[in-house]
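Visitor: I would like to go through this model with you. Could we begin with the overall chain and then turn to its pocket?

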Amino acid sequence: MNEELAILNNYLVVGAVLFGIGIVGFLSRRNMIVMFLSAEIMLQGVSLSLVAWSRFHNDFGGQVFVVFIIAVAACEAAITLALVVALFQRRGSLDVAAWQTLREANQPPLLEPVLPEETPAVERLPRLPTAGVQPDVGREPSGHRKNL
(Lines give C-alpha, C1' and ligand atoms only; values in the text may rest on other atoms or scores of the structure.)
Protein backbone atom coordinates (compact mmCIF):
# COMPACT_ATOMS: atom_id res chain seq x y z
CA MET A 1 0.00 0.00 0.00
CA ASN A 2 2.91 2.34 0.69
CA GLU A 3 4.17 1.98 -2.90
CA GLU A 4 0.76 2.95 -4.24
CA LEU A 5 0.73 6.09 -2.10
CA ALA A 6 4.17 7.02 -3.41
CA ILE A 7 3.04 6.50 -7.01
CA LEU A 8 -0.14 8.52 -6.36
CA ASN A 9 1.94 11.28 -4.78
CA ASN A 10 4.26 11.39 -7.81
CA TYR A 11 1.38 11.63 -10.26
CA LEU A 12 -0.33 14.33 -8.21
CA VAL A 13 2.90 16.34 -8.03
CA VAL A 14 3.33 16.13 -11.82
CA GLY A 15 -0.32 17.14 -12.30
CA ALA A 16 0.11 20.09 -9.94
CA VAL A 17 3.30 21.18 -11.74
CA LEU A 18 1.52 21.02 -15.10
CA PHE A 19 -1.38 23.04 -13.72
CA GLY A 20 1.03 25.58 -12.19
CA ILE A 21 2.98 25.99 -15.43
CA GLY A 22 -0.30 26.47 -17.26
CA ILE A 23 -1.61 29.13 -14.89
CA VAL A 24 1.68 31.06 -14.94
CA GLY A 25 1.74 30.92 -18.74
CA PHE A 26 -1.89 32.03 -18.99
CA LEU A 27 -1.47 34.97 -16.63
CA SER A 28 1.90 36.19 -17.88
CA ARG A 29 1.44 36.08 -21.66
CA ARG A 30 -0.74 38.19 -23.94
CA ASN A 31 -0.54 36.13 -27.11
CA MET A 32 -3.82 34.29 -27.73
CA ILE A 33 -2.16 31.10 -28.93
CA VAL A 34 0.14 30.90 -25.90
CA MET A 35 -2.84 31.55 -23.62
CA PHE A 36 -4.78 28.74 -25.31
CA LEU A 37 -1.85 26.33 -24.98
CA SER A 38 -1.48 27.26 -21.31
CA ALA A 39 -5.17 26.49 -20.75
CA GLU A 40 -4.64 23.10 -22.41
CA ILE A 41 -1.67 22.39 -20.13
CA MET A 42 -3.87 23.16 -17.12
CA LEU A 43 -6.53 20.80 -18.48
CA GLN A 44 -3.96 18.01 -18.90
CA GLY A 45 -2.72 18.52 -15.34
CA VAL A 46 -6.24 18.08 -14.00
CA SER A 47 -6.77 15.03 -16.23
CA LEU A 48 -3.59 13.43 -14.94
CA SER A 49 -4.74 13.97 -11.36
CA LEU A 50 -8.14 12.43 -12.11
CA VAL A 51 -6.53 9.35 -13.66
CA ALA A 52 -4.17 9.01 -10.68
CA TRP A 53 -7.03 9.14 -8.15
CA SER A 54 -9.06 6.74 -10.26
CA ARG A 55 -6.19 4.26 -10.36
CA PHE A 56 -5.58 4.62 -6.62
CA HIS A 57 -9.21 3.80 -5.80
CA ASN A 58 -9.45 1.03 -8.45
CA ASP A 59 -12.40 2.78 -10.06
CA PHE A 60 -12.63 3.52 -13.77
CA GLY A 61 -14.97 6.49 -13.31
CA GLY A 62 -12.16 9.06 -13.33
CA GLN A 63 -10.56 7.51 -16.39
CA VAL A 64 -13.84 7.53 -18.31
CA PHE A 65 -14.34 11.14 -17.29
CA VAL A 66 -10.87 11.96 -18.66
CA VAL A 67 -11.82 10.41 -22.02
CA PHE A 68 -14.77 12.81 -22.19
CA ILE A 69 -12.50 15.70 -21.16
CA ILE A 70 -10.11 14.86 -24.00
CA ALA A 71 -13.00 14.72 -26.49
CA VAL A 72 -14.30 18.10 -25.33
CA ALA A 73 -10.74 19.52 -25.47
CA ALA A 74 -10.42 18.43 -29.10
CA CYS A 75 -13.67 20.22 -29.97
CA GLU A 76 -12.53 23.25 -28.00
CA ALA A 77 -9.22 23.29 -29.88
CA ALA A 78 -11.01 23.36 -33.24
CA ILE A 79 -13.32 26.19 -32.18
CA THR A 80 -10.45 28.16 -30.64
CA LEU A 81 -8.32 27.79 -33.75
CA ALA A 82 -11.17 29.11 -35.89
CA LEU A 83 -11.65 32.04 -33.49
CA VAL A 84 -7.95 32.89 -33.43
CA VAL A 85 -7.74 32.82 -37.23
CA ALA A 86 -10.84 35.02 -37.56
CA LEU A 87 -9.57 37.51 -34.96
CA PHE A 88 -6.14 37.65 -36.58
CA GLN A 89 -7.63 38.31 -40.02
CA ARG A 90 -9.76 41.09 -38.59
CA ARG A 91 -7.13 42.93 -36.52
CA GLY A 92 -3.78 41.61 -37.76
CA SER A 93 -2.48 40.91 -34.26
CA LEU A 94 -2.78 38.16 -31.69
CA ASP A 95 -2.10 40.50 -28.77
CA VAL A 96 -4.98 40.42 -26.31
CA ALA A 97 -4.63 44.13 -25.53
CA ALA A 98 -5.53 44.96 -29.14
CA TRP A 99 -9.06 43.65 -28.54
CA GLN A 100 -10.34 46.37 -26.24
CA THR A 101 -13.47 46.76 -28.36
CA LEU A 102 -14.68 43.38 -27.04
CA ARG A 103 -14.76 44.66 -23.45
CA GLU A 104 -18.01 45.48 -21.70
CA ALA A 105 -19.28 49.02 -22.11
CA ASN A 106 -18.77 50.03 -18.47
CA GLN A 107 -15.13 48.84 -18.33
CA PRO A 108 -12.38 51.45 -18.69
CA PRO A 109 -9.85 50.82 -21.44
CA LEU A 110 -6.57 49.19 -20.52
CA LEU A 111 -3.83 51.78 -20.76
CA GLU A 112 -0.27 50.59 -21.03
CA PRO A 113 2.48 52.72 -19.52
CA VAL A 114 4.49 54.62 -22.10
CA LEU A 115 8.12 53.65 -21.95
CA PRO A 116 10.79 56.20 -22.84
CA GLU A 117 12.64 55.54 -26.05
CA GLU A 118 16.07 54.10 -25.59
CA THR A 119 18.92 55.79 -27.33
CA PRO A 120 21.51 53.21 -28.28
CA ALA A 121 24.86 53.87 -26.71
CA VAL A 122 27.42 54.09 -29.49
CA GLU A 123 30.75 52.76 -28.38
CA ARG A 124 33.91 53.11 -30.32
CA LEU A 125 35.04 49.54 -30.79
CA PRO A 126 38.58 48.74 -31.90
CA ARG A 127 38.85 47.84 -35.55
CA LEU A 128 41.23 45.40 -37.13
CA PRO A 129 43.35 46.60 -40.06
CA THR A 130 42.72 45.29 -43.53
CA ALA A 131 44.40 41.98 -44.23
CA GLY A 132 48.02 42.35 -45.35
CA VAL A 133 48.46 45.93 -44.13
CA GLN A 134 50.89 46.63 -41.34
CA PRO A 135 49.12 48.62 -38.62
CA ASP A 136 50.59 51.94 -37.53
CA VAL A 137 51.71 51.38 -34.02
CA GLY A 138 53.78 54.00 -32.31
CA ARG A 139 57.00 52.76 -30.76
CA GLU A 140 56.52 52.95 -27.07
CA PRO A 141 59.36 52.31 -24.73
CA SER A 142 58.95 48.95 -23.18
CA GLY A 143 60.21 47.78 -19.86
CA HIS A 144 61.67 44.63 -21.45
CA ARG A 145 65.32 43.88 -22.07
CA LYS A 146 66.60 43.99 -25.59
CA ASN A 147 67.53 40.70 -27.14
CA LEU A 148 71.27 40.17 -27.01
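Guide: The discussion below takes up the fold, the surface and the largest pocket in turn. This is a predicted model, in which local features need pLDDT of at least 70 and side-chain atom pairs count only at pLDDT 80 or more, while totals for chains, interfaces and linings use all residues. Residues are numbered from 1 along each chain as its sequence is written, and side-chain values use heavy atoms, with hydrogens and water left out.

Visitor: How many helices and strands are there in the protein chain?

Guide: The protein chain has three helices and zero strands, where helices (H or I, at least four residues) and strands (E, at least two) are DSSP runs numbered from the N terminus. The order from the N terminus is α-α-α.

Visitor: What percentage of the residues is buried?

Guide: Of the 148 residues in the protein chain, 17% are buried, meaning under 20% relative accessible area with a 1.4 Å probe, protein chains only.

Visitor: Now the largest pocket: which residues line it?

Guide: Its lining consists of Glu4, Ile7, Leu8, Tyr11, Leu48, Val51, Ala52, Arg55 and Phe56. A pocket here is an open set of points on a 1 Å grid over the protein atoms alone, where a 1.4 Å probe fits, with protein on both sides within 12 Å along at least five of seven lines; lining residues have an atom within 4 Å of a point.

Visitor: Which helix gives the largest share of that lining?

Guide: That is α2, with five residues. Both α1 (2-28) and α2 (32-56) supply at least two residues each.

Conventions. Buried < 20%, exposed > 50% of the residue type's maximum accessible area, 1.4 Å probe, protein only.
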